[in-house]
Amino acid sequence: MSEALLLRLSPRDLASGRPYAERDERPPAWHDELALGLWHGAVRPLWRQFGGHAASAQRVVALTRSFEAQMAALDDAALRTRAAALRHELRRSQFGAEPTAHFFALLREVAGRVLGKRHYDSQVHAGWLLLHGALVEMSTGEGKTFAATLPACTAALVGLPVHVVTVNDYLAARDAEAMGRLYAFFGLRCGAIVHEQTREQRRGVYAGDIAYASNKELTFDYLRDRTALGDRASPLHRAVAQAAGGSTGPATVLRGLAFAIVDEADSVFIDEARTPLILSATLPGGQRSRIVGWALAFAAGLQPGVDFEVERAFMRVRLTDTGRDRIETLVDDAAQVDESVAAVMPVDTDLPSGATRRGCTEAVTQALSALWLYHRDQQYVVADGKVQIVDESTGRVMADRAWERGLHQMIEAKEGLDVTGERVTLARITYQRFFRRYLRLAGMTGTATEVAAEIGRVYGLPVWRVPLNRPSRARLALPRCLRSSDTRWEAVVASVHEHAVERGRPVLVGTRTVLASEQLSARLAAAAIPHVVLNAKHDRDEAEIIARAGVAGTVTVATNMAGRGTDIVLGPGVAERGGLHVILSEYHESARIDRQLFGRAARQGDPGSGEALVAVDDELFRIHAPALAALAQRWLAVRAELPVAIIWLLRRAAQASAEARNRSARTASLKQDRRLAAVLAFSGRGE
């Protein structure tokens, strides 16, 4: 039985002219897009509210329980024999409820013997939904990584290549090693893709049954495959090339896009989907470094509001007519000087020879962006002599990523670093287009409800909530909004002192940027409160820091990278003191990220608490809700804090505005990627 038939796909769903199986990624017609928007934005939320998916999942959970006694009575050899028999039933039924529940019960028994832990009913519930192509929302700490072994092992058993996608190399290697013994029991090969591997090593991992990889490594491997094949992408082209005496060695490392399970799916599908992934080559610096230096010097002399306008909400700079005239006049004058006196005497000008109006205008615009929009320890850090981009949604460094169109070189020059060469695009693709190419796609996250409509419309995935394994004991205090950043930091230090020093509870303080984490660290040091900082500059010991973050009296200051994929385990006696206390010091552009931070506390029925201590002059309020922020500042001129109702309104307005703009950016990126793909299709290459 083919992969397409097993996953109930018709031949027209498969892409033609590709070296391996993948879904045809066709943009929907406008009426289909409208229907999808209505279905995922209006109808499905109602269905989700009334538990539309629950009946089938609960039936599988009940069936799994009913098989438990049988599985417990079998020895290891008998369990392997039963698994081999179930393989045919699973294929024949196309993952029907009864054979799937039977295998889940078997897998649960094996996990108890091999790993020393068994799947909860909530994880079985999630496993069934994942196997059938859904995005499941499981609260933080509910065991998403372990739940993924159920669909991964089931799909691999019947012969589907499975990719388990994580957000970084550390988690990919950790999870592959931790779960490898479970897969090995059934004779399944499991490995991890990490950045340092050669192409041949990657091919070996993908040749196995289950591959763990970060979203970035996986997507770039796909782009490298497409680039390596060129116009020989289809099996027919490759056969002709071999017959003509061409290379017979394998050009690709992947063996198909059959089934993917994406962890932290909202981060991958939404937060990282605003910009495409670009496979590029670097050209020597030369002329580029000269125009970079000139553009930065010229931009530094321009006046905001006169020569250019800064649109922070859209993260862009727009030149005014006055600014454009200044650039064009300079270019024209330089050209006239060159023509009139070059034959008489050499001319020394800062403007590179051969510079054009268009090139100089674009360079100055990027220089203004580097000066006014991109700031050290906020959008990027400088480490090992390089500019390294920081992902706002995760707080982590995005290794080997660079801004395009000369912006990265502008920032390097601004920081006094060696300017790297200009990057030339070899291939590009958005996450939206890449993940839609899987024959079956599934995802897991702790926060997806807020973006369920977009995920459904773009990726075709329904979003379902999974019930908690144990009732939550989380306690959230009412938010507080203070009149300035200084008063906010004073309140944060006072709260840390109360909970960590006086009560002996562990405290986690979340900040939006590296700079904010360092500002708070300085204040805590001044108050003689021991603490540890976890941010994009100090992330090498992340696992160890998080492992100690639940110890009594420990204070951890972190960007929102803290604990994604790593549990904060409470130390001895901490539960009796109230568990982990989380302080959010600034709201993020997405309410999902705020929820993720609060979700670090009170995992798996543990006690825990959280509070938000923000300031009215926070960037989110100033940029995305300036009118409401101005009214709030007037209120705070005569009062110490804002009423809770006004805080709620201010936060809701600012985050709604930010989310709408980010959603527009993702839509624009996807449309541009499709247009470029359509143009490049004439040359036989879609990327």
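Two strands count as paired if DSSP finds at least two bridges between them, and strands themselves are DSSP runs of E with at least two residues, while helices are runs of H or I with at least four, both numbered from the N terminus.

**View 1. A hairpin built from strands S9 and S10.** Here strand S9 (residues 380-383) and strand S10 (residues 386-389) run antiparallel, joined by four bridges. Look for valine 382, which sits opposite valine 387 in S10. Two residues lie between S9 and S10 in this hairpin, and aspartate 384 in the turn has a positive phi of about 55 degrees.

A quick word on what you're looking at: this is a predicted model, so local features need pLDDT of at least 70 and side-chain atom pairs count only at pLDDT 80 or more, whereas totals for chains, interfaces and linings use all residues. Residues are numbered from 1 along each chain as its sequence is written, and side-chain values use heavy atoms, with hydrogens and water left out.

**View 2. The whole chain, before we zoom in again.** The chain's secondary structure comes to 27 helices and 20 strands. Take the contacts with a separation of 6 or more: 76% of them are between residues 24 or more positions apart. A contact, by the way, means heavy atoms within 4.5 Å.

**View 3. An open sheet of seven parallel strands.** Follow the strands in the order S3-S4-S2-S5-S12-S1-S13. At the edges you'll find strand S3 (190-192) and strand S13 (463-465), each pairing on one side only. On average, neighbouring strands of this sheet are turned by 20 degrees against each other, direction ignored. Helix H7 (residues 121-131) packs on the sheet, where it touches S1, strand S5 (259-262), S12 and S13, and its direction makes about 145 degrees with that of S12. For such angles, axes are lines fitted to C-alpha atoms (for helices over the stretch in contact), and the values run from 0 to 180 degrees between N-to-C directions.

**View 4. Strand S12 and its two partners.** Strand S1 (residues 135-137) pairs with strand S12 (residues 440-445) in the parallel sense over three bridges. Leucine 135 stands opposite glycine 443, and valine 136 stands opposite methionine 444. S5 and S12 also pair in the parallel sense, over four bridges, with glycine 443 as the bridge partner of valine 262. In a regular strand, side chains alternate between the two faces of the sheet. In S12, Arg440, Ala442 and Met444 point one way and Leu441, Gly443 and Thr445 the other, and all are buried.

**View 5. The largest cavity.** A cavity is a set of points on a 1 Å grid over the protein atoms alone where a 1.4 Å probe fits but cannot get out, and its lining residues have an atom within 4 Å of a point. There are two cavities of 30 Å³ or more, and the largest holds about 100 Å³ of space. That volume is the space filled by probe spheres set on the points, with grid points joined across faces, edges and corners. The largest cavity is lined by 12 residues, and Asp271, Arg274, Glu589, Ile593 and Asn662 lie nearest its centre. Helix H24 (591-598) and helix H27 (644-680) each supply at least two residues of the lining, and H27 gives the most, with three.

View 6. Leucine 650 is in helix H27. Is it buried or exposed? At 3% relative accessibility, leucine 650 counts as buried. Not counting residues up to four places away in sequence, leucine 650 touches Val616, Phe621, Ala625, Leu628, Ala629, Ala632 and Leu642. Leucine 650 and phenylalanine 621 are 29 residues apart in sequence, yet 7.2 Å apart in space, C-alpha to C-alpha.

**View 7. Threonine 430, tucked into a loop.** Threonine 430 lies between strand S11 (423-429) and helix H19 (431-435). Threonine 430 counts as buried because its relative accessibility is 0%. Its contacts, leaving out residues up to four places away in sequence, are Pro276, Ser669, Leu670 and Asp673.

Notes:
1 Å grid on protein atoms, 1.4 Å probe; cavity = no way out; pocket = protein on both sides within 12 Å on 5 of 7 lines; lining within 4 Å. Buried < 20%, exposed > 50% of the residue type's maximum accessible area, 1.4 Å probe, protein only.
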